[in-house]
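Subject: Structure handover

Hello,

Here is the structure for your files. My notes on it follow below.

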Amino acid sequence: MNAVRPPKLESELVDITKALTESVERFRKSHEATGIEVYTHPMIPNLFSESNHGLLCECVGSLLKNAAEACRPGDRIDVIAEILEAGDPDEAELPDASRQIRIAIRDTGRGIVASDLDQVWDLYY
């Protein structure tokens, strides 16, 4: 019966900057012939979080791959990591005394067709 249950995720203290750098370098090696530029905004040193290193790298890799599918040669993908603090007027949704890390993958590709926007969060879109 364990075969149908997902394994329990093991978490550890993960160096977020290292995980992002590894993911970007792996992506660059596999997509170097595409002509798509990948830019990592200045990363915050010593940025750690309780997470799973392998799953974080897999997730970022998937997001980079999705971004590349929307890009053409000469387009750009940006990778950004930032700390969000409670009390920041731009982050009104954060609970008091909360500190979170936001990882953003942004591209200059063609985007999503307007008629598909209401479906993007559907399973298997």
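How do the residues of the lining of the largest pocket divide into nonpolar, polar and charged? The model is a predicted one, and in it that lining has nine nonpolar, two polar and four charged residues.

The largest pocket holds about 630 Å³ of space. Its lining is made up of 15 residues. Nearest the centre of the pocket are Asn66, Ala67, Ile112, Val120 and Tyr125. Two elements, H2 and strand S5 (99–107), each give two or more residues to this lining. H2 gives the most, with four residues.

The other item is how H2 (residues 53–69) packs with helix H1 (residues 16–30). The two axes come within 9 Å and cross at roughly 45 degrees. The crossing of H1 past H2 is right-handed.

On the H1 side, the contact is made by Ile16, Ala19, Leu20, Glu22, Ser23, Val24, Arg26 and Phe27. On the H2 side, His53, Leu56, Cys57, Val60, Leu64, Lys65 and Ala68 take part. Sorted by class, this contact has ten nonpolar, two polar and three charged residues.

Regards

Methods:
Residues are numbered from 1 along each chain as its sequence is written. This is a predicted model: local features need pLDDT of at least 70, side-chain atom pairs count only at pLDDT 80 or more; totals for chains, interfaces and linings use all residues. Side-chain values use heavy atoms; hydrogens and water are left out. Axes are lines fitted to C-alpha atoms, for helices over the stretch in contact, and angles run from 0 to 180 degrees between N-to-C directions. A crossing is left-handed if the near helix is turned anticlockwise from the far one by less than a right angle, and right-handed if clockwise. Contact means heavy atoms within 4.5 Å. Ala, Val, Leu, Ile, Met, Phe, Trp, Tyr, Cys and Pro count as nonpolar, Asp, Glu, Lys and Arg as charged, and the others, Gly among them, as polar. On a 1 Å grid over the protein atoms alone, a cavity is a set of points where a 1.4 Å probe fits but cannot get out, and a pocket is an open set with protein on both sides within 12 Å along at least five of seven lines; lining residues have an atom within 4 Å of a point. Grid points are joined across faces, edges and corners, and a volume is the space filled by probe spheres set on the points.
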